[in-house]
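Here is a short note for a colleague opening this entry for the first time. Please read the points with the sequence and the model side by side.

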Amino acid sequence: MFTYLKLHNFKSFKDVTINLKKKDSFKHLAIIYGMNGRGKSTVVETFIALDKTMHSLSYKDMLFDILNKRKDSDESLRNQDFLEFLESTISRNSIEGLIKEYRTINTSDPMVIEYGFQIDGSSGSYLMEFDQGGLIRERLDYALKTRKVCCFEITSSETYSINQNLFGSTEFIDEFMKQLRMYWGKHSFFSVLNREIDDKSSSFIQANISSALRAILKAFDSISYCIVSDRDADCIRSAPFFADLQCGTIEKSEETKLDNLTPVLSKALESIFDDVKRAYYRKEEKDGKIHYELYLTKQIGSHSFDINFEYESRGTQEILHLLPFLMLAVNGYCVVIDEFGNGIHDFLSAELIQYIKPMIKGQLILTTHNTYIMDRSDVTPDSLYHILDEPKGRSVRCVTDIEERVHPNYNYRNRYITNPHYSGAQLKETAFDFLDFAEFYK
């Protein structure tokens, strides 16, 4: 889980630190508020950037393998479109694509991303620094054996400082260093390491990569993120079977899991929606696979109807989409959600957070416009963050760092709405007349 983020020249964040630490541990819940265009989604994108740098080399290999297989086949239709799609996909997931997308416009200074984290009670930090062409510095600090040390530091001046305790044999170190010198800069240390892991047996990896380094890889690889405006970019980890509750296709051997899930999901939806009497899956078996679709039995007036879930409202569908992410946070994983509650009634999304907050064993980081969440008793001030435009530049600060004192009787929603320093929600006083604008729509 994460204890802080430090961002330098990352999109609109010139120099920002987000403190996610509570005493000697991490915060289980962080809710980030800010006006449109202030940078809420930018916070989520820091985790997407981490994911891209972790797998850029393996992803590139996979896409080239697909391309080669297509060349060997008889498929020729739309070949140019396919090549353009591949090229675009590789570019978006490369270090160069990441820099182009995230580096602050019109700056010659490096972009720096630093993640503070805690795994099994041990603290660490991971830093990446980029110029306009690629990685120029990468460093990991973490506890190896008994104390926190520099695990590795690599710079563009071809300085490779690698702690020997990370690996189990000189043979593996020599092989890995060859790959690292070949690819580093265009790919990260972790990306090169993940490629090596993909190519080796699990027993070999356990014997040659330290448990601490494997724990870091596992933690970074288990981050799930949800972007409401772009579901194609969503990434859900650790529970692929439960990722799509609405419809999908599973192996026949997994049908029992689906049957066991059904009454649990039905009870959840019945508790959220007063007109839902039952939820169930209609299944169709073909070629050893089960295709499933969710249906709701709803009471409308004096009549009962079975309705395919695809016909439900956007808000209802959004709740179902979010449930797996929330359950992952409950079960101990790190989950990041952008624009939480978008399309869902404010009271309902606030109640969802209040209900699951005491159950979260992992870390749930949200951006949202829903101020009613601030009113919920289980959502304490140390979970509330605001993106502020201040004289020294943009910042992301917790309420406990903004307020001179906090008090259980304070209404932080009212303070947020009425204080322009928090929200900046008031329209600026200008000579603009909406009637002038309306003339163009007559």
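1. A contact here means heavy atoms within 4.5 Å. Take contacts in the protein chain with a separation of 6 or more: residues 24 or more positions apart account for 58% of them.

2. A word on the source. This is a predicted model, in which local features need pLDDT of at least 70 and side-chain atom pairs count only at pLDDT 80 or more, while totals for chains, interfaces and linings use all residues. Residues are numbered from 1 along each chain as its sequence is written, and side-chain values use heavy atoms, with hydrogens and water left out.

3. The protein chain has 14 helices and 19 strands. Both are DSSP runs numbered from the N terminus: helices are H or I with at least four residues, strands are E with at least two. Of the 442 residues, 49% are buried. Buried means under 20% relative accessible area, exposed means over 50%, and partly exposed lies in between (1.4 Å probe, protein chains only).

4. The accessible surface comes to about 23,300 Å². Carbon and sulfur atoms hold 49% of that surface. Areas come from the Shrake-Rupley method with a 1.4 Å probe; for residues, only the protein chains shown count as cover.

5. Two strands count as paired if DSSP finds at least two bridges between them. Arg137 has Thr155 in strand 9 as its bridge partner.

6. How many salt bridges are there? The count is 22, each being a side-chain nitrogen of Lys or Arg within 4 Å of a carboxyl oxygen of Asp or Glu. One of them joins Glu45 and Lys11, with the closest N and O atoms 3.0 Å apart. Glu45 is in helix 1 (residues 40–72), and Lys11 is in the loop between strand 1 (2–10) and strand 2, 34 residues apart. Glu45 is buried at 15% relative accessible area, whereas Lys11 is partly exposed at 29%.

7. Glu175 and Lys200 also meet in a salt bridge, at 3.2 Å from N to O. Glu175 sits in helix 4 (residues 170–183); Lys200 sits in the loop between helix 5 (189–198) and helix 6 (202–208), 25 residues apart. Glu175 is partly exposed, at 34% relative accessibility.

8. Lys283 and Asp259 form another salt bridge, with closest N and O atoms 2.8 Å apart. Lys283 is in strand 13 (residues 276–286) and Asp259 in helix 8 (residues 255–272), 24 residues apart. Lys283 is partly exposed at 37%, and Asp259 is partly exposed at 37%. Through shared partners, salt bridges join Lys252, Glu255, Asp259, Lys283 and Glu285 into one network.

9. Phe432, Phe434, Phe437, Phe440 and Tyr441 form a nonpolar surface patch, with about 690 Å² of accessible area together. Patches take residues with over 30% relative accessible area and no salt bridge, joining like charges within 9 Å and nonpolar side chains (Val, Leu, Ile, Met, Phe, Trp, Tyr) within 5 Å. Phe432 is in the loop between helix 13 (420–423) and helix 14 (434–438). Phe432 is partly exposed, at 49% relative accessibility.
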